[in-house]
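Please read the points below with the model open beside you, and take them in order.

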Amino acid sequence: MHLQAKGKFSRQAHVSIPPGCHEEEFGRGGFFGPVSQLYHENPPTGWTRIEGPLRPHAFDFNTLTPPDRTLLLYNNDVSFSIDRLQKKNDWFFRNADGDEIFFIHRGSGRLQTDFGGMAYQPGDYIVMPRGITYRFLPADADNFFLVFESKSVIRQPDRGILGQHALYDQTVIETPEPQPVKEDLKEWEIKVKRLNELTSIFYPYSPLDVVGWKGDLYPWKLNIQDIRPVMSHLTHLPPSIHTTFVGHQFVICTFLPRPLETDPEAVRVPFYHRNIDYDEVLFYHDGEFFSRDGIKPGMVTLHPQGIHHGPHPKAVEESKTKTHTTEIAVMLDVINPLSVTSEAKNMEITDYWKSWQ
């Protein structure tokens with residue numbers, strides 16, 4: 001297809017929007033495919049009501065009762081759960097259904113695995129390949145983990161022309177140090193999850209008795225403080241530039257504090273778009289969420305495919321005087337639509353769709 005331009009339009013996307021217009025990014029492939037900008041006379045989110053299942057959702061998961069892991073959103077490729085672990089389990093766990101990524105929202109402690117131990121703290125991503133035996137040892141009762149379970153292998157994004165040190169230097173990745181687990185127990189239990197059913201395996205000795213390892217398959221940890229966001233001082237970049245992990249049919253992105261664009265004519269908040277190919281889930285970890293009103297840490301928004309979303313009206317005005325962002329958020333973008341569990345629906349903020357009015 002050849003590039004076309006008709007009527008009123010901006011010479012550069014997201015910069016110098018025609019007066020009185022609202023720019024929308026209409027694109028395929030999660031900002032990687034063909035794209036056009038549409039220039040509306042009114043905001044695309046200026047609806048009076050929405051009838052049907054595609055309305056935007058928001059949930060306050062701070063009200064989730066600990067301690068068990070609770071499934072909240074899922075499809076056939078990936079699931080999103082929250083774990084409010086309060087104390088260490090007497091047993092170990094092994095997931096034979098998929099890879100897992102833990103994001104530590106609150107809490108600290110130590111992680112035990114076949115490969116050894118690692119400390120964990122808020123802001124850590126922990127990647128746990130399928131089949132590894134592990135156990136968390138929380139140091140306090142206020143643990144709040146995001147858990148992403150993937151049917152496919154989790155990998156790092158391609159860096160392309162940005163070079164191998166973009167996003168984060170590979171040497172900041174931490175891996176476990178061999179540390180056999182020794183406790184005075186007569187029987188040791190591993191709970192293995194397969195096809196969402198549990199099988200218990202018992203040993204007369206510690207199954208975490210590894211004294212050394214080598215290879216390229218292991219648990220690893222990355223803290224958000226070591227991620228270096230990609231930025232442009234002249235134009236607002238799409239959220240895909242903040243991709244941290246890639247799985248089959250989904251990506252996980254990390255939004256971190258950064259300077260705002262210095263061009264006074266540049267759009268400085270996320271542009272309107274209608275999620276043609278992806279459901280978008282955003283977990284708010286910390287800071288001031290400058291593109292949304294009424295959002296606090298521990299809350300989640302879900303914007304389904306096919307319906308617009310973008311900045312709240314107040315955020316557009318406030319962005320004109322701000323120089324940087326302070327928000328920290330984790331985003332899950334999925335190609336296949338997500339289902340919402342009854343547990344998540346019990347924590348839904350039902351009037352969220354009205355917040356653009």
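1. Cys253 is buried, with a relative accessible area of 2%, where buried means under 20% relative accessible area, exposed means over 50%, and partly exposed lies in between (1.4 Å probe, protein chains only). Cys21 is also buried, at a relative accessible area of 16%. A search of the whole structure finds 0 disulfides, a disulfide being a pair of cysteine sulfur atoms within 2.5 Å.

2. This is a predicted model, in which local features need pLDDT of at least 70 and side-chain atom pairs count only at pLDDT 80 or more, while totals for chains, interfaces and linings use all residues. Residues are numbered from 1 along each chain as its sequence is written, and side-chain values use heavy atoms, with hydrogens and water left out.

3. Strand β8 (residues 109–113) is largely enclosed by the rest of the structure, because 4 of its 5 residues are buried; strands (E, at least two residues) and helices (H or I, at least four) are DSSP runs numbered from the N terminus. β8 pairs with strand β9 (residues 116–120) in the antiparallel sense over 5 bridges, and two strands count as paired if DSSP finds at least two bridges between them. A hairpin of 2 residues joins β8 to β9, and Arg110 stands opposite Ala119 in β9. β8 also runs antiparallel to β11, to which 5 bridges join it, with Leu111 opposite Phe136 in β11.

4. Elsewhere, 6 strands form an open sheet with antiparallel pairing, in the order β3-β20-β19-β21-β17-β16. Its edge strands, β3 (57–60) and β16 (243–247), each pair on one side only. Neighbouring strands of this sheet are turned by 15° against each other on average, direction ignored, where the axes are lines fitted to C-alpha atoms and angles run from 0 to 180 degrees between N-to-C directions. Within the sheet, 4 bridges join the antiparallel strands β19 (residues 279–286) and β20 (residues 299–303), and Val281 has Leu302 in β20 as its bridge partner.

5. Where is empty space left? Rolling a probe the size of a water molecule over the atoms shows this. On a 1 Å grid over the protein atoms alone, a cavity is a set of points where a 1.4 Å probe fits but cannot get out, a pocket is an open set with protein on both sides within 12 Å along at least five of seven lines, and lining residues have an atom within 4 Å of a point. Grid points are joined across faces, edges and corners, and a volume is the space filled by probe spheres set on the points.

6. The largest pocket has a volume of about 900 Å³ and is lined by 32 residues, with Arg69, Asp83, Phe93, Glu149 and Lys193 nearest its centre. β5 gives the largest share of this lining, 4 residues. The lining divides into 13 nonpolar, 7 polar and 12 charged residues.

7. The structure holds 2 cavities of 30 Å³ or more, and the largest cavity has a volume of about 370 Å³. Of the 25 residues that line the largest cavity, Pro239, Phe255, Pro270, Ser291 and Glu327 are the closest to its centre. β19 supplies the largest share of this lining, 3 residues. The second largest cavity holds about 80 Å³ of space, and its lining residues include Leu167, Tyr168 and His242.

Terms used: Nonpolar A, V, L, I, M, F, W, Y, C, P; charged D, E, K, R; others polar.
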